[in-house]
Amino acid sequence: MGWRRRGACAIVPAHWRAEVSGRAAGLSPIVGGRQPYGVVMRSEFLVFGKPRIEEDEIAEVVATLRSGWIGMGPRTEQFEWEFAAYTGARHAIAVNSCTAALHLGLIAAGVGPGDEVITTPLTFAATANVIVHQGATPVFADVDRRTQNLDPARVAERITPRTKAIMPVHMLGRPADLDPLLDLARRHGLTIVDDAAHAAEAVYRGRHVGTVGHFTAFSFYANKNITTAEGGMLTTADDAAADRLRTLRLHGISKDAWKRYSADGFVPYETIEPGFKYNMLDLTAALGLHQLRRAEENLRLRERYVARYNEAFAETPGLLIPALEPLPPGDRHAWHLYPVLLDLDALTLDRHGFIEALKARNIGTGIHYTALHLHRYYREHCGLRRGDLPEAEFISDRTVSLPLSPALTAADVEDVIAAVRDVLAAHRR
Ligand SMILES: *Cc1c(COP(=O)(O)O)cnc(C)c1O
């Protein structure tokens, strides 16, 4: 087992010595910073969600710059074809964020003022914000505590004559249970716009996510599984909608208008409807082309790190491990995030204290998520209070995401494990 050479631990408490002695050889002197006594510690801060960028991406970006065509163009089209081929989606429409893709998905679903859209409270703000942008009302339904995904039974309870769409999120990369939601959609004439920001590689009952819901939005934000720094993709099987969406993502002008300055010569175009400035750039598609080709390899790396975390944390008093929840047959988890839930009754510190203690040990973490109905805007506008969505609140109060990225080394993962164990050992009731 290759212990990290540079860095690793500084002062090792007695109860740790056996386990981390392998790194003693790699001990680095304590330099700067606060280092509480008895703390297992790496020498440099482990950034949460670090992207893995290789020479291929760098060369492609440089080639794009040198090509003289940096806006939307041939690389964006190529990326769309390759993403469609990867997911099996009939249409893949590249945009500049997942937020843009979600917004366009709601427009395609015909969501407008007065409508209601049912979604999960356990998501990033963008999922619900775009509902508000369309003048509609987000209606939060509770999640299943084990999967962290929308509970179809809770969704069914919240359908009204005003409901127009359902927005499930494939939380953490784990596919949401789409079949019962599609069934509700069929019975009530609703559209499924699924948020696959975490889930580019996910498979639901043998079908790639992006081919199951009516409109699926992917994110290529800096810390996502596939990154273009900023970017997104919208997939659909609906030909007419895809035509319209290609227009809407570029000002609402006729769909091949980006070619108007190309070697094909000027193509006359006109404004078909007032659209948006949501297009992807070739400069960022250049990153995406190579990120996509490495998606499966990067997933295998994350799977390996997840297995190691699971092995290290299973049966650890003080922690609940969502990743241990088995997947149904035919599903594949995209492993975007690895959260642990703190058993607050078993610990003498709260979540903030836990995060600070990991930070003091040079480990960056994240919170995914504080349930949206507890955020100020939604608290004031969605008519829900603490206590109304108990499953989401249970997760929201306890969750801490540990580093999980293909840019990590196996030694980084061991550092995280050592730091978590150290914090727990120091703060167990
Ligand atoms: C990152 C994220 C988004 C937004 O993605 P952008 O590409 O930054 O717009 C939406 N939903 C979820 C669940 C996310 O994690």
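Lying across rests on contact, that is, heavy atoms within 4.5 Å. Axes are lines fitted to C-alpha atoms, for helices over the stretch in contact, with angles from 0 to 180 degrees between N-to-C directions. Helices (H or I, at least four residues) and strands (E, at least two) are DSSP runs, numbered from the N terminus.

The model is predicted: local features need pLDDT of at least 70 and side-chain atom pairs count only at pLDDT 80 or more, while totals for chains, interfaces and linings use all residues. Residues are numbered from 1 along each chain as its sequence is written, and side-chain values use heavy atoms, with hydrogens and water left out.

Strand E11 (residues 338–342) is joined to E12 by four bridges. Show tyrosine 338 and, opposite it in E12, leucine 402.

Buried means under 20% relative accessible area, exposed over 50%, and partly exposed in between (1.4 Å probe, protein chains only).

**The seven-stranded sheet**

Move to the open sheet of seven strands, ordered E1-E9-E8-E5-E4-E2-E3 with mixed pairing. E1 and strand E3 (137–140) are at the edges with a single partner strand each, so one side of each has no neighbour in the sheet. On average, neighbouring strands are turned by 25° against each other, direction ignored.

Zoom in on strand E2 (residues 116–119), which runs parallel to E3 and is joined to E3 by four bridges. Isoleucine 118 stands opposite valine 139 in E3.

Two helices to select here are H4 and H7. Helix H4 (residues 98–108) lies across several strands, including E1, E2 and strand E8 (215–219), and runs at about 170° to E8. H7 lies across E4 and E5, at about 150° to E5.

Then take helix H5 (residues 125–133), where Ala126, Thr127, Ala128, Val130 and Ile131 are buried. Their packing partners are H4, E2, E3, E4, E5 and helix H12 (376–381). Just after H5, glycine 135 has a positive phi of about 75°.

**The cores**

Which residues have the most contacts inside the largest nonpolar core? Select Phe79, Val155, Ile166, Leu178, Phe218, Phe220 and Met233, in a core of 37 residues. A nonpolar core is a set of buried Ala, Val, Leu, Ile, Met, Phe, Trp, Tyr and Cys residues joined through side-chain atoms within 4.5 Å. Helix H3 (74–87), strand E1 (91–95), helix H7 (178–188) and helix H9 (282–293) are the elements that give two or more residues to this core. H7 gives the largest share, five residues.

Centre on valine 155: leaving aside neighbours within four places in sequence, its contacts are Ile118, Ala141, Leu150, Ile166, Leu181 and Leu184. Another core, of 33 residues, lies apart, with Leu299, Ala312, Ala323 and Val423 among them.

**Last stop: arginine 249**

Select arginine 249, in the loop between helix H8 (239–248) and H9. Is arginine 249 buried or exposed? Arginine 249 is buried, with a relative accessible area of 5%. Its side chain reaches the backbone oxygen of arginine 246 at 3.4 Å. Leaving aside neighbours within four places in sequence, the residues in contact with arginine 249 include Met72, Glu80, Ile93 and Tyr278.

Key: Pairing = 2+ DSSP bridges. Polar contact = N/O pair within 3.5 Å; in protein donor to acceptor, adjacent residues only side chain to side chain.
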